[in-house]
Amino acid sequence: MNQDPSPIIKALLLSNDSIRWRIDEMSGHIDDVRIQRLKTTNFSIQTDESTVIDNKALLMGYVRYFDGNCALQEDLLFVKLLETDTTDTSMFSAVKTFFEEKEIPHYENLVSCATDGAVSMVGRHKRFISH
């Protein structure tokens, strides 16, 4: 009853395009599941701004939430290129736009926000946190 697996393995599509497509499909599914969970549960977000090659600024958002099994999940939620500058308004706009595009009720479900303490992020009356 033992069959030689060689013909089956040779029949699999293993080109670079096939593998890339499969990885994209799997990661897209993971993102979809994460977004659906955030629509129905409370979560916390942590943001961090970083500068990369060519002086481009990136805003990263990490999220923490409890899944359906009461297990704490911590995931990278997004990485956004900041098109204009790294002011508090630009960063808040990028985060808000992400939540609106994904239809996540951030004003209802977001319970806390953490930053790295940079001047553009913290402040009770001004800056990112105050938004």
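Student: Which residue in strand 2 stands opposite Val 52?

Tutor: Val 52 faces Lys 56 there. The model is predicted, so local features need pLDDT of at least 70 and side-chain atom pairs pLDDT 80 or more, while totals for chains, interfaces and linings use all residues. Residues are numbered from 1 along each chain as its sequence is written, and side-chain values use heavy atoms, leaving out hydrogens and water.

Student: Why are strand 1 and strand 2 called paired?

Tutor: Pairing requires that DSSP finds at least two bridges between two strands. Strand 1 (residues 43-52) and strand 2 (residues 56-66) have ten bridges in the antiparallel sense, and therefore they pair. Strands are DSSP runs of E with at least two residues, and helices are runs of H or I with at least four, numbered from the N terminus.

Student: What joins strand 1 to strand 4?

Tutor: Four bridges join strand 1 to strand 4 (residues 110-114), and the two run parallel. Phe 43 has Leu 110 as its bridge partner in strand 4.

Student: What lies between strand 1 and strand 2?

Tutor: The two strands form a hairpin with three residues between them. In the turn, Asp 54 has a positive phi of about 65°. Asn 55, in the loop between strand 1 and strand 2, has a positive phi near 60°.

Student: Why is Asn 55 called exposed?

Tutor: Exposed means over 50% relative accessible area (buried is under 20%, partly exposed in between; 1.4 Å probe, protein chains only). Asn 55 has 71%, so Asn 55 is exposed.

Student: What makes Glu 103 count as exposed?

Tutor: Glu 103 has 60% relative accessibility and therefore counts as exposed. Glu 103 is in the loop between helix 3 (88-101) and helix 4 (106-109).
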